[in-house]
Amino acid sequence: MSVHRSTRSTGTPMRPGEHVVVIGFGPVAARFVDDVADLAADGTIRLTVIGGEAEPAYNRVLVGEHAVGRAELATMGLADPEALSRSGVDVLLGTEVTRIDRSRRILRLTDGPTGESRELGYDRLVLATGARPNLPVLRGINPDPDAYEHLPAGVTALRDLRDARAVREVVDRRGRVVVLGGGVLGLEAALAASEVGCPVTVVHHAPWVMTRSLDAAGGALLGRALADAGVGVVSGTQAREVLLDEDRRFRGLLLDDGREVPGELLLLSIGVTARTELAAGAGLRTARGVVVDHELEADVEQRVFAIGDCAEVLCKDPSCQVCPAREGTGPSGLVGPGWRQAEWLAARVRAELEAVADGGTTVLAPLTEGPAGAVRLKAHQVELAAAGRVGGVPWEARPDGGSVVQWADGSAGTYAKLVLGPDRTLEGYIVLGLPRSAAGIGLLYDRGEAVPEDPSVLLRLDGPDAGSGESRATPESTLCHCAGVTAGRIADAVTEGARTVEEVSCATRAATGCGGCRSAVRELIEKHAAAAV
């Protein structure tokens, strides 16, 4: 990362010996802790991470896969508490932070198993509290957003390992599953449950699923692909009531039109809301998240930071000379942006410590946001990628000179739509059923590069004579978009002895996010292993 001399006041820079406390121990927090653990190991800083769950950080994106038996917990782990402890990191699991006293820089903690309370001091605080699932306001269910743990039996949002265990009980007996909400996580869970033999119905209020990411044509073709995969979709209607049996267990969902969708399990997938309660109680500014500037600062003293889904980047400081005012956004639900924030904040910690040691004031260049990350639906039966602006049709001219390119093959169930700016760079795209083309198009989008004069060449990556898209990847090609890992970096890991996806993940962090690149990573491993024979 480049550095520059800051044009803003940096407050009191971090000094050796300070105590850095991280609240939350999800994937984003784990990345920050991993990046500064060596500073704790050599005594440069004190580092404590506090997790509300009894388990250390794990890949939450794979919770649905775990619930249907397709991902083992051993492959989902993102942190080793014992190794961190040996490195000098204090790991507090099953611990809740109930209050932040910023005036005294004290945290009030409650131990989950014992209920005992104590205080913990800090010098710098990193909020990585993530997001909580939204609960629908329906009869038969408590709409209190803080009442998630008190949902009726058989109703879950599938957010953690405890939820996964409840889902596994139904899946193991091939029970009937109802998914409320047609977002990407709900659809992935629906497809996974259907694949192992569960009857599945998705109920979605809008005319087509993944409404925020797809246009009508893409939504219609995705709906047909879901039906072909055994997932029923009921769209364009609202749920009215959660029906319970005499034991207060879920037995069905009543819709506005009077239909009843029976089931043994209800998966809630209607979005998430940033966890801001702690920050609000500490007097920090909150909106759709904990409001931070582009340097991830949540307070004027620059002692409290926020990263990941709980953070809302919203810089409107009129004195800021390095970024324009921007509208904030709520939780993206994507792990990649949170990881980049964690890496940047860890780099800032190092830069400040180095600056103090050198007697200078050099700090990192402010964090800038790239294009919005792609939403990827990954299943054995259905593959979809979408990002950015996807509105518009090819036959309507755009005043700015941009254009829309669109293809559809109803018999094959494939669809592609490219929304091009005046300079032919991608403003957004949808690609269904064309995984290699999606990878190439996604790379152009991420890099801000123009599409070819004949965009149809992008679809030939999935043609019968195209060969493997992964095998033709250059060393600079990004294979893991969540972690930003290139094909060359993965090849280096294989050369150095990594022989499995898990070993490559440990060496490079590839395939530790959404998991969509696992097959590409596996193919690259096999390719290099064959070349070495």
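## A tour of the predicted model

**The chain as a whole**

The chain has 533 residues, and buried residues make up 51% of them. The secondary structure comes to 13 helices and 29 strands. Take the contacts in the chain with a separation of 6 or more: residues 24 or more positions apart account for 61% of them. The chain exposes about 23,900 Å². Carbon and sulfur atoms supply 50% of that area.

Strand 20 has strand 8 (residues 124–127) as a partner, and three bridges join the two in the parallel sense.

Arg-31 lies over the face of Trp-339. The distance to the ring centre is 4.0 Å.

Strand 5 (residues 95–101) pairs with strand 6 (residues 106–111) in the antiparallel sense. Strand 6 also runs antiparallel to strand 7 (residues 117–121). Each of these pairings is a hairpin. Strands 5 and 6 have four residues between them; strands 6 and 7 have five. Arg-105 sits in the turn between strands 5 and 6, and Gly-115 in the turn between strands 6 and 7. Both have a positive phi.

| Hairpin | Bridges | Bridge partners | Turn residue and phi |
|---|---|---|---|
| Strand 5 and strand 6 | six bridges | Asp-101 and Ile-106 | Arg-105, about 55° |

Another open sheet has three strands in the order 14-15-16. Here the pairing is antiparallel. Why is one side of strand 14 and of strand 16 left without a neighbour in the sheet? Strand 14 (239–244) and strand 16 (260–262) stand at the edges, and each has a single partner strand, so one side of each stays without a neighbour. On average, neighbouring strands of this sheet are turned by 25° against each other, direction ignored.

Strand 14 and strand 15 (residues 250–255) are joined by five bridges. Ala-239 stands opposite Leu-255, which is in strand 15.

For both sheets, one general point applies. Strands of a sheet pair through backbone hydrogen bonds, either parallel or antiparallel.

**An aromatic pair**

How many aromatic pairs does the structure hold? It holds one. The partners are Tyr-429 and Tyr-445, and the pair is edge-to-face. Their rings are 5.5 Å apart, centre to centre, with 70° between the planes. Tyr-429 lies in strand 27 (residues 426–432) and Tyr-445 in helix 10 (residues 435–447), so the pair ties together parts that are 16 residues apart in sequence.

Are these two residues buried or exposed? Tyr-429 is buried, with a relative accessible area of 1%. Tyr-445 counts as buried too, at 6% relative accessibility.

Thr-276 is found in the loop between strand 18 (272–274) and helix 8 (277–281). At 14% relative accessibility, Thr-276 counts as buried because the cut-off is under 20%. Which residues does Thr-276 touch, not counting residues up to four places away in sequence? They are Thr-286, Gly-289 and Val-290.

Ala-491 is found in helix 11 (residues 487–495). With a relative accessible area of 12%, Ala-491 is buried. Ala-491 and Pro-475 are 16 residues apart in sequence. In space they are 8.0 Å apart, C-alpha to C-alpha.

Note on methods: Residues numbered from 1 in each chain as written. Predicted model: local features only at pLDDT ≥ 70, side-chain atom pairs only at ≥ 80, totals over all residues. Heavy atoms only, no water. Pairing = 2+ DSSP bridges. Axes fitted to C-alpha atoms, helices over the stretch in contact; angles between N-to-C directions. Buried < 20%, exposed > 50% of the residue type's maximum accessible area, 1.4 Å probe, protein only. Contact = heavy atoms within 4.5 Å. Areas by Shrake-Rupley, 256 points an atom, 1.4 Å probe, with all protein chains shown as cover. Phe/Tyr/Trp six-rings, centres within 6.5 Å; stacked < 30°, edge-to-face > 60°. Lys NZ or Arg CZ within 6 Å of the ring centre and 35° of its normal.
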